[in-house]
Amino acid sequence: MIGNRITHRTADGVRIPGTWRHAFIRNGGTFYLTDLVIYADGLIDCWGLATIDEFERKLRSGWVATGLREGAQASAHGLASWRFAEPRTWLTPELLLAEVRDAIDELNGRPDSTGRCLAAVDVFLADRTEENRAAARAAYLAVPETRRHYALGDMDRKDGPLQVLVAGPGGVTDRRPDEPVSQAMYDEAVSYFEERARLIAELPSRVPADGPATPHAPAVHLPQTYPRQRVDNPGKVALRSDYPAPIDIDGITYASVAHAYWALSVADSTARAAVAVADTAYAARESAAAATRREGWEDARGAVMTTLLRAKYAQHPDLADILLATDDATLIYDDADSTFWGDNAGRGRNWGGRLLELVRSELHAKRAGIM
């Protein structure tokens, strides 16, 4: 079945989200194991993009194969090849097509067959007529068999309570086709759904024990700038490492965090001193780049930057106020010269922003008297 696998393609400069599953393509007499990629705009990549109707025709024709022939040649694109011996498959063209349709619904934030089934169950539970039960049962049967076990998100009970509920007293389930549903079994299933509804209703008000997982403040972007002097109201530009905010480190004053960072990266003491007094942070970086780097610098640079940021905001309370004013926002730091420190439109690792968030958390803790 299709899981939470994430991919995308770009069309006319627009990112189209997608997901994928394994499938066999039959080309000639060989079955090729490949990735069937489903996109939110309804296109499916099965060795070429196809609409949902075209995909269905490829399924019916056997190009996208759900039936595997005994003794047929199979290949995994340079990884391995083999012949099928006693092949077994759980898919049919109808099942795979239904899974793909569900995936497209999910990618677009629409209710899939499982969502429609659970909505029909809610209607039945609110008004328990046989007509509504029949509608719920039809919606359940419309869920692909490969996905029914997961409908309730309960790996212990799977879809057992759902089968009992839509079958009703005297009906039968797939699990126990020879044993009619008793009133006790049915009452237990109803109780299960009532408890499930209660827990779902509580979800919006339930907060994880350690607090929310995501920030409530909007993200703050710190674009690449080249500040040359301090100003009275610098705003978020003051959060950049190259902002002119002198810091004292072991008795040496550096014009900015960037000056200190680049100076400390240099092995030779004479070259280090030259970096420290460079006119600008840019000049400090260029000077350091021309010198020999300290051994092990790449492994130590994160700790060094953390120490320098702590010094900056401890020695400049006005700038600490600016950092604290970002609340719990994600800080997106751009650095034209580094995909390690910069986010750079998602292409970098954003350590510049992440360490600022760490120091901000420490400042919050100190002001709250926690540390």
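**Exercise 1. Decide whether Asp242 is buried or exposed, and find what surrounds it.**

Step 1. Asp242 has a relative accessible area of 12%. Buried means under 20% relative accessible area, exposed means over 50%, and partly exposed lies in between (1.4 Å probe, protein chains only). Asp242 is therefore buried.

Step 2. Locate Asp242. It sits in the loop between strand S9 (220-222) and strand S10 (247-249). Helices (H or I, at least four residues) and strands (E, at least two) are DSSP runs, numbered from the N terminus.

Step 3. List the contacts of Asp242, where contact means heavy atoms within 4.5 Å. Neighbours within four places in sequence are left aside. Asp242 then meets Gln224, Thr225, Tyr226, Pro227, Ser256, Ala258 and Ala281.

A note on the source: this is a predicted model, in which local features need pLDDT of at least 70, side-chain atom pairs count only at pLDDT 80 or more, and totals for chains, interfaces and linings use all residues. Residues are numbered from 1 along each chain as its sequence is written, and side-chain values use heavy atoms, with hydrogens and water left out.

**Exercise 2. Describe the surroundings of helix H6 and how H6 crosses helix H7.**

Step 1. Check burial. Eight of the eight residues of H6 are buried, so this helix is largely enclosed by the rest of the structure. Among them are Gly160, Gln163 and Ala167.

Step 2. Find the cover. Helix H3 (113-126), helix H4 (130-142) and H7 are included in what covers the buried residues of H6.

Step 3. Describe the packing. Two packed helices are described by the angle between their axes and the distance between the axes. For H6 (residues 160-167) and H7 (residues 183-202), the axes come within 9 Å and cross at roughly 120°. Axes are lines fitted to C-alpha atoms, for helices over the stretch in contact, and angles run from 0 to 180 degrees between N-to-C directions.

Step 4. The crossing of H6 and H7 is left-handed. That term applies if the near helix is turned anticlockwise from the far one by less than a right angle; clockwise is right-handed.

Step 5. Name the residues in contact. H6 supplies Pro161, Leu162, Val164 and Leu165. H7 supplies Met185, Tyr186, Ala189, Val190, Tyr192 and Phe193.

Step 6. Look just past the end of H6. There Gly168 takes a positive phi of about 80°.

**Exercise 3. Find the residues with the most contacts inside the largest nonpolar core, then follow Tyr261.**

Step 1. A nonpolar core is a set of buried Ala, Val, Leu, Ile, Met, Phe, Trp, Tyr and Cys residues joined through side-chain atoms within 4.5 Å. The largest has 45 residues. Tyr254, Tyr261, Leu308, Leu309, Tyr313, Leu323 and Leu356 have the most contacts inside it.

Step 2. Apart from this core lies another, of 24 residues, including Cys117, Leu118, Phe124 and Met185.

Step 3. Take Tyr261. Leaving aside neighbours within four places in sequence, Tyr261 is in contact with Trp297, Arg301, Val304, Met305, Leu308 and Trp341.

Step 4. Look for charges over rings. A charge sits over a ring if NZ of Lys or CZ of Arg is within 6 Å of the ring centre and within 35 degrees of the ring normal. The charged end of Arg301 sits over Phe340, 3.6 Å from the ring centre. Arg354 lies over the face of Trp351, at 3.8 Å from the ring centre.

**Exercise 4. Classify the aromatic pair of Trp47 and Trp63.**

Step 1. Rings of Phe, Tyr and Trp (its six-membered ring) pair if their centres lie within 6.5 Å. Planes under 30 degrees apart count as stacked, over 60 as edge-to-face, and the rest as tilted. The structure holds 11 such pairs.

Step 2. Trp47 and Trp63 are 5.8 Å apart, centre to centre, with 75° between the planes. The pair is therefore edge-to-face.

Step 3. Both residues are partly exposed: Trp47 at 35%, Trp63 at 22%.

Definitions and conventions. Contact means heavy atoms within 4.5 Å.
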